Amino acid sequence: MRVLDLPIRVLILDHQEIFTDGVKHLLESQKSIEWIDQSQHNQSIEATILDFQPDIILMDADYPEVAVSSVYTLIKQHAVNSKLIVFSSIQNDQMLLDIMAIGISAFLLKTCKRQELIDAIDAVSEGSTFYCKETTSRLRVLMANGRYHPHQKNEPIQLSEKEKSVLQLICAECTSKEIADQLKMSSRTIEAYRKSLQEKTGSKNSAGLILYAIRSGIVALKAS
């Protein structure tokens, strides 16, 4: 539990330098907040979280090689007083639903107002939920379409091991024939898997499937 007289300690996990610098500048103007930049420490994200035990973690949904779900699991097990706020450059319905399904209660687009970020940090540090204005509007649409029920737990997408294998090979830019050969299945069956994966994840094409796989931790981005 955070001591109210102490500043809110915020860990920034974002690979976009310009955005991170802007967030640092904003937080420096807030006497009640102090920031920790993971990039300044020569250690892993896991070690940084365990060492510093931040009150708030601001994380980019597309942070390279690290899934939001992995960080959430880590803090649930080893940093129980830490809270996670997720940022994204784009509004993706399925990603939003998946993030909410695993228990993360704060989501903002990177286009949000400066005050929204400050309000989010204050709200989440006190145990409340927070969504930026654009995300709140989108949730209303999802509610109207029956895709989101605020009082009903949304279950995360469940993929079989075979589906994950197909998805990993799609991400490796294999053709349907190449995937079929590797998995000893027919090309028609692979196409059926591809269509099913797109329907399950709300993806329109292979690019959408790749984004889903990265966000979900099914594949990792390779360091350049």
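Analyst: Let's start with the lining of the largest cavity: by class, it has seven nonpolar, no polar and two charged residues. Keep in mind that this is a predicted model.

User: Which residues are those, and what makes two of them charged?

Analyst: The lining consists of Ile12, Leu13, Asp14, Phe19, Val23, Leu58, Met59, Asp60 and Phe87. Asp counts as charged, so Asp14 and Asp60 are the charged ones here. Ile, Leu, Phe, Val and Met count as nonpolar.

User: How big is the cavity, and which elements give two or more residues to its lining?

Analyst: The volume is about 30 Å³, and the structure holds one cavity of 30 Å³ or more. The elements in question are β1 (8–13), α1 and β3 (56–60). β3 gives the most, with three residues.

User: Phe87 is on that lining. Why is phenylalanine 87 called buried?

Analyst: Buried means under 20% relative accessible area. Phenylalanine 87 comes in at 2%, so it counts as buried.

User: What makes the one aromatic pair edge-to-face?

Analyst: A search of the whole structure finds one such pair. The rings of phenylalanine 19 and phenylalanine 87 have centres 5.2 Å apart, and their planes sit at 75°. Centres have to lie within 6.5 Å for a pair, and planes over 60 degrees apart count as edge-to-face, so this pair gets that name. The pair also links distant parts of the chain: phenylalanine 19 is in helix α1 (residues 17–28) and phenylalanine 87 in strand β4 (residues 83–88), 68 residues apart.

User: What lies over the face of phenylalanine 19?

Analyst: That's lysine 110, at 4.4 Å from the ring centre.

User: How do you know whether leucine 117 is buried or exposed?

Analyst: Same test: the relative accessible area of leucine 117 is 4%, and the cut-off for buried is under 20%, so leucine 117 is buried. This residue lies in helix α5 (residues 114–125). Not counting residues up to four places away in sequence, leucine 117 touches Val23, Leu26, Leu58, Phe87 and Leu108.

User: And why is glutamine 40 given the label it has, buried or exposed?

Analyst: Exposed means over 50%, and glutamine 40 has 54% relative accessibility, so it counts as exposed. You'll find glutamine 40 in the loop between β2 (33–37) and α2 (45–52). Leaving aside neighbours within four places in sequence, glutamine 40 is in contact with Lys24 and Trp35.

Conventions. Residues numbered from 1 in each chain as written. Predicted model: local features only at pLDDT ≥ 70, side-chain atom pairs only at ≥ 80, totals over all residues. Heavy atoms only, no water. Helix = DSSP H or I, 4+ residues; strand = E, 2+ residues; numbered from the N terminus. Buried < 20%, exposed > 50% of the residue type's maximum accessible area, 1.4 Å probe, protein only. Contact = heavy atoms within 4.5 Å. Phe/Tyr/Trp six-rings, centres within 6.5 Å; stacked < 30°, edge-to-face > 60°. Lys NZ or Arg CZ within 6 Å of the ring centre and 35° of its normal. 1 Å grid on protein atoms, 1.4 Å probe; cavity = no way out; pocket = protein on both sides within 12 Å on 5 of 7 lines; lining within 4 Å. Points joined across faces, edges and corners; volume = space filled by probe spheres on them.
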